[in-house]
Amino acid sequence: MKREWEEVKYHVAIANRVLAELGLATGFRASLGHASLRLPTDPDKFVVKGRGYEVDALFSVTPEQMIVCDIEGNKVDGPLGTTQCMEVKMHSCIYKLYPNVKSVVHVHPHYTILATTLRKRLRPMNQEGIHLVRNELPMWEHVKTVQTDEEGMEVAGLLGDSKAILLRGHGATTVGASLEESVMNMLQLEEQAKMNYWAYSAVGEDHLYIEDELIDEMIHRTPAHELPHFKPYMPAGGRAPRVGGVWEYYTRLVAGDPSASPPIPPL
């Protein structure tokens with residue numbers, strides 16, 4: 001059990017560092033945000049970034065600083081003098097309500113916050129993250145932090161089938177079946193919000209966006225493994241190669257892995 005805790009703590013610390021490296025928790029928001037992950041063999045517990053560190057910034061957190069919580073948000077394990085994150089109830093209530101959710105991320109991304117304050121619906125503007133904003137995202141109509149059971153269950157209930165929920169003037173929370181999915185959902189959500197802001201600034205509130213029929217066309221197309229020029233090279237079972245380059249690059253980068261920035265070979 002302890003070995004599993006240590007492994008999960010490592011991956012959660014890396015995910016929090018990735019959020020900072022991606023620009024989702026930097027500047028005066030360097031300490032604002034937290035990623036969490038359920039324990040695989042004990043799903044009524046999860047690991048999350050806490051509070052009370054000497055240097056409390058996502059970019060510098062370590063595995064030893066991570067906090068283990070139970071499904072009620074109570075601290076089960078973590079360094080002396082630290083606490084759970086202030087919004088631990090958002091994590092615990094989402095995990096309680098959605099057994100299929102394995103990871104939760106909350107940060108305060110600039111463009112997403114702006115869209116919530118302006119009550120500007122995020123429209124699909126590009127491929128990446130298009131699934132997140134095809135339908136209008138749910139929004140919790142409060143700026144305050146999510147600290148009580150009642151507040152946590154309100155946010156969790158609003159989430160529904162969505163992979164993201166907006167918090168007005170506050171930020172956003174994304175979920176996934178892995179740390180990679182929840183972090184990448186947040187990155188892509190902020191990119192969609194940024195593209196919406198640029199379009200709004202350039203054209204006005206009636207700017208164009210990607211229509212549903214084009215989204216359907218993208219989703220319901222012939223799988224790559226059925227195309228003749230790919231079929232001989234796809235692995236058995238017809239699954240396309242995994243595309244996780246962004247996640248793999250940044251997790252290695254924040255871990256100090258030299259493979260993330262190898263020497264450039266001479267021409």
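Reply: Happy to. The second largest pocket is lined by Ala115, Thr116, Arg119, Lys120, Arg121, Leu122, Glu136, Leu137, Met139 and Leu166. A pocket here is an open set of points on a 1 Å grid over the protein atoms alone, with protein on both sides within 12 Å along at least five of seven lines, and lining residues have an atom within 4 Å of a point. Before going on, please keep in mind that this is a predicted model, where local features need pLDDT of at least 70, side-chain atom pairs count only at pLDDT 80 or more, and totals for chains, interfaces and linings use all residues. Residues are numbered from 1 along each chain as its sequence is written, and side-chain values use heavy atoms, with hydrogens and water left out.

The volume of this pocket is about 170 Å³, counted as the space filled by probe spheres set on grid points that are joined across faces, edges and corners. Its lining splits into five nonpolar, one polar and four charged residues; Ala, Val, Leu, Ile, Met, Phe, Trp, Tyr, Cys and Pro count as nonpolar, Asp, Glu, Lys and Arg as charged, and the others, Gly among them, as polar.

A cavity is a set of points where a 1.4 Å probe fits but cannot get out, and one of 30 Å³ or more is found. The largest cavity holds about 80 Å³, and its lining consists of Tyr111, Leu114, Ala115, Leu118, Lys120, Leu122, Ala193, Asn196, Tyr197 and Tyr200. Helix H3 (110-117) and H6 are the elements giving two or more residues to that lining, and H6 supplies the largest share, four residues. Helices are DSSP runs of H or I with at least four residues, strands are E runs of at least two, and both are numbered from the N terminus. By class, the cavity lining has eight nonpolar, one polar and one charged residues.

Asn185 counts as buried because its relative accessibility is 4%, where buried means under 20%, exposed over 50% and partly exposed in between (1.4 Å probe, protein chains only). Beyond neighbours within four places in sequence, Asn185 contacts His131, Leu132, Lys163, Thr174 and Val175, a contact being heavy atoms within 4.5 Å.
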